[in-house]
Amino acid sequence: MASQNVFILHTFIFCSVLLTVSQSAVPNLEAEVEALKAFKNAIKHDPSGALAGWSEASHHCNWTGVTCDNSLNQVVAISLGGMQLQGEISPFLGNISGLQVLDLTSNLFEGHIPPQLGLCSQLIDLVLYDNSLSGLIPVELGDLKKLQSLDLGGNYLNGSIPESLCNCTSMLQFGVIFNNLTGIIPEKIGNLVNLQLFVAYGNNLIGSIPVSIGRLQALQALDFSQNQLSGVIPREIGNLSNLEYLLLFENSLVGNIPSELGRCGKLVELDLYTNQFSGVIPPELGNLINLEKLRLSENRLNSTIPLSLFQLKSLTNLGLSNNMLTGRIAPEVGSLRSLLVLTLHSNNFTGEIPASITNLSNLTYLSLGFNFLTGEIPSNIGMLYNLKNLSLHDNLLEGSIPKTITNCTQLLHIDLSFNRITGKLPQGLGQLYNLTTLSLGPNQMSGEIPADLYNCSNLIILSLGENNFSGMLKPGIGKLYNLQILKSGFNSLVGPIPPEIGNLTQLFYLLLSGNSFSGHIPPELSRLTLLQGLALYSNALEGPIPENIFGLTRLTVLLLGLNRFTGPISTSISKLEMLSVLDLHGNLLNGSIPTSMEHLNRLMSLDLSHNHLTGSIPGSVMAKMKSMQIFLNLSYNILDGNIPLELGMLDGVQSIDLANNNLSGIIPKTLAGCRNLFSLDLSGNRLTGSIPAEALVQMSMLTLMNLSGNDLNGQIPEKLAELKHLSALDLSKNQLDGIIPSSLGNLSSLKHLNLSFNHLEGRVPESGLFKSISSSSLVGNPSLCGTKFLKSCSKKNSHSFSKKTVFILLAIGVVSIILVLAVAIPLILQHAKKHKTTSTENPEPEFTSALKLIRYDRNEIENATGFFSEENIIGASSLSTVYRGQLEDGKTVAVKQLNLQQFSAESDKCFYREIKTLSQLRHRHLVKVLGYAWESEFAYMRRVTTKVDVFSFGIVVMEVLMKRRPTGLTDKDGLPISIRQLAEEALANGINGLLQVLDPVITKNLTREEEALDQVITKNLTMEEEALKQLFQIALSCTNPNPEERPNMNEVLAYLQKISAR
């Protein structure tokens, strides 16, 4: 109630004052004093006591911030800037009719701007900058005819700029920067003919720049930057002959940059960057001889740089980056001697960097990255002794880094990455004491890392990765104690990781992958407590993963794959609760997956594949990994048990690979919860039961599904055709029966289908991919019919088998023919000496190696394989079939039966020679040879020749070299391609082509790292690479489509021995 009375009182005073003012020209001083008191009463907080003296104890003209007219004691100014006053602006200030200046800059005033200020008809300066005012700009301010300066910037004002302000024709300065203003710029803005400064940046103004802007011929500065303006710059802007600053950056302006700007002869700064301007850079801009800053970056300009720009001798900043500019950088650029900043990056410039650029001795910032520049870095780059930033990355630069660069002692940032730079790092880089960033990879640099580089103790980022640096990482690395990012991956560095790296306690990321580092992970790494990313994959590190690594609790990425780590995964891994990516694949880890991994509930990607892990997949771990969004890979281990039901809780994961384990049981229906899955691979396990179609079709995004090599039974579900994105489906090597659903033929996305080695029957569908399906996709289903390579469905085939004579030549481990390949690979890559062999005419072979081969009786082989039962088939080709067998002693073996038609009389001698060679082989990746079976009375029923299985040998060679299946491959366009075609194309592209398809494990054994080789085209092939090339040539020769042109195995062995002898 009291506050209501105060309001009524103030209203009465306000009305009385207005009445008094209207009745007399003499100011009502009492009303002015009451207005000042009302202003003070609206202040909630006065931390500096600025208004403490505003009392009757002193005359109001002596109050802080108040200025009066000397003759009448009338208040003419209130200036309280920077007092940190908090409250609202009292509307009773409108009663001070003689007020000329109201300056409340840098306070904490809230609420609205009182419209009563429009009654202060004598107001010249109204400055409310840097407060917290909100609401609309009062239209009543347009009544202030004498107003010269209006600054409302730095508040939270909204709405549009009132059109009424265009009536304030005395206005010289108008500022509304950093508010929330919307709407358009008033069309009548041109009425403010005296306006000298108009700044409105940092709002949300829309629409186009009014044409009337061209009438503001007194204008010196115009800043509409950081808004949402659209349309074109009106050509009338060329009328602003006094304009010195034009800033329109960060809008959505379009069209050409008007050439009329060339008439604004006083322009000092022209900033049009981050818009959508197109077309050419107007040559007329070269007339702006006073121009100091020209920034046109981040537009769509597509011309060359007009030579006229190089006449701007006062230019200190030229920014043309992020456009589509073409042509060469003209030598005339060297005439801009005042230039401090030159940014031309992210364009389409070609040619060499002009040597004249080194004339710009004042230059501090040079950025030419993301172009197509060729040639070498100017040799006298050291003349730019004021240079602080040098960015030449992502070009086609060649040659070495000039030694003179060490003269640029002010350099803070060097980025030469993604070029073709060769040679060694220049000595003397240690003189660049101010250097904070050095990024040199990828390139083709070589040699050792110079020790003096470690004197650059201010380095924050050191990126040397993806070059061919060699030698050891020296202990001096520990002197870079400010380093936050260290990238030296994919080089040829050797030796141990230096323990001094533990001194780099500021490190966030440590990437040493793709080298040949050996030994153990140094325990000193545990001192890097700020580390977020640790990548040591693809090296030769060994031993257990150090326990103290798991104390780096800030790690989000841990990549230790493709090393030789042993032992179990420590339960302490649970401490790494921030991990989002964990990769331990391709090691020798054993033991079970620890249940403590359930604490890693932020994991988005987990790869434990290609290890020796045993036990079951813990469901509790899967249940806690709901955030997994990329992939889960546990393939190629020895995991057993059932697939956990909790796997279906990974509703965001895109790929699941559990292939090649010993998993059993059924495929759980809970997998339906993996709704974002793109790829599912459960192949090579012991899964049983039917295919859970109802669950699988819930994975609507599924594109790849591999369930092959299990014991699944029942029919192929029709509902699989509901997977509209499915492009590859492999159900081979199961116990599926029934017909092939015709609906699969209607699945237009399906490009690859393998149904081989099941018990399918009936007519093969004829629509969709079945029109071009290959025999390998259906082989091993004798009851299928209807295609050109199967029996006719109209007639019953009266013969179960062809008339080919069956000969059993060899019983060895899985796909034993690959043992012949070991004559080449270990001997070639390890430079083994050639072993001498002697021939014998004894009908029984003499095996003198350490491997004692057993000669098996034919009956033993027949009993082991169930008389070569079709249920025991584990692989087949047109020339041979491999069976699973169990010997009398319980040992499981693989038996290969060759399907031969023509044999030579000399085949027994060749066979003995091959067995003798095989018996001498040792390799950790090769299956042990147990023995052989040979029946002469069968052999000579037809003429045996060692050429009959040459084709299979060639295919196996390519499989081992390329680590790819012989079928189901696609080229870069997604079209089917055979493994022979893939090898043929790779060979045609030389050693680089071969390295792209080669098994990474074999690549790692070569003397040069694979990624570095991608750019080394002109160098001579090493001996290993030449041998690799010849090995591919032999494989292609063995798989020649014309059997008569294939070599026999005797010749093949001779070729291999010739290669290995080098």
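In the predicted model, strand S33 (residues 492-495) and strand S35 (residues 516-519) run parallel and are joined by two bridges. Within this pairing, Gly495 lies opposite Phe517 of S35. Both strands belong to an open sheet of eight strands with parallel pairing, ordered S29-S31-S33-S35-S37-S39-S41-S43. The edges of this sheet are formed by strand S29 (446-448) and strand S43 (612-613), each of which pairs on one side only.

A further set of pairings involves strand S3 (residues 75-79). Three bridges connect S3 with strand S2 (residues 66-68), and these two strands run antiparallel; here Val66 stands opposite Ile78 of S3. Six residues separate the strands in the hairpin of S2 and S3, where Asn73 adopts a positive phi near 55°. Strand S3 is also joined by three bridges to strand S5 (residues 101-103), in this case in a parallel arrangement, with Ala77 having Val101 in S5 as its bridge partner. Because four of its five residues are buried, S3 is largely enclosed by the rest of the structure.

Helix H2 comprises 13 residues (residues 29-41) and spans 18 Å from its first C-alpha to its last, close to the 18 Å expected at 1.5 Å a residue. The N-terminal end of H2 is capped by Asn28, a side-chain oxygen of which lies 3.2 Å from the backbone nitrogen of Glu30. Buried residues of H2 are Ala31, Glu32, Val33, Ala35, Leu36, Ala38 and Phe39. In an α-helix, residues three or four places apart point the same way, because there are 3.6 residues a turn.

Technical notes:
Residues are numbered from 1 along each chain as its sequence is written. This is a predicted model: local features need pLDDT of at least 70, side-chain atom pairs count only at pLDDT 80 or more; totals for chains, interfaces and linings use all residues. Side-chain values use heavy atoms; hydrogens and water are left out. Two strands pair if DSSP finds at least two bridges between them. The expected span of a helix is 1.5 Å times one less than its number of residues. Buried means under 20% relative accessible area, exposed over 50%, partly exposed in between (1.4 Å probe, protein chains only). A polar contact is a pair of N or O atoms within 3.5 Å; within protein, one must be able to donate a hydrogen and the other to accept it, and residues adjacent in sequence count only if both atoms are side-chain atoms.
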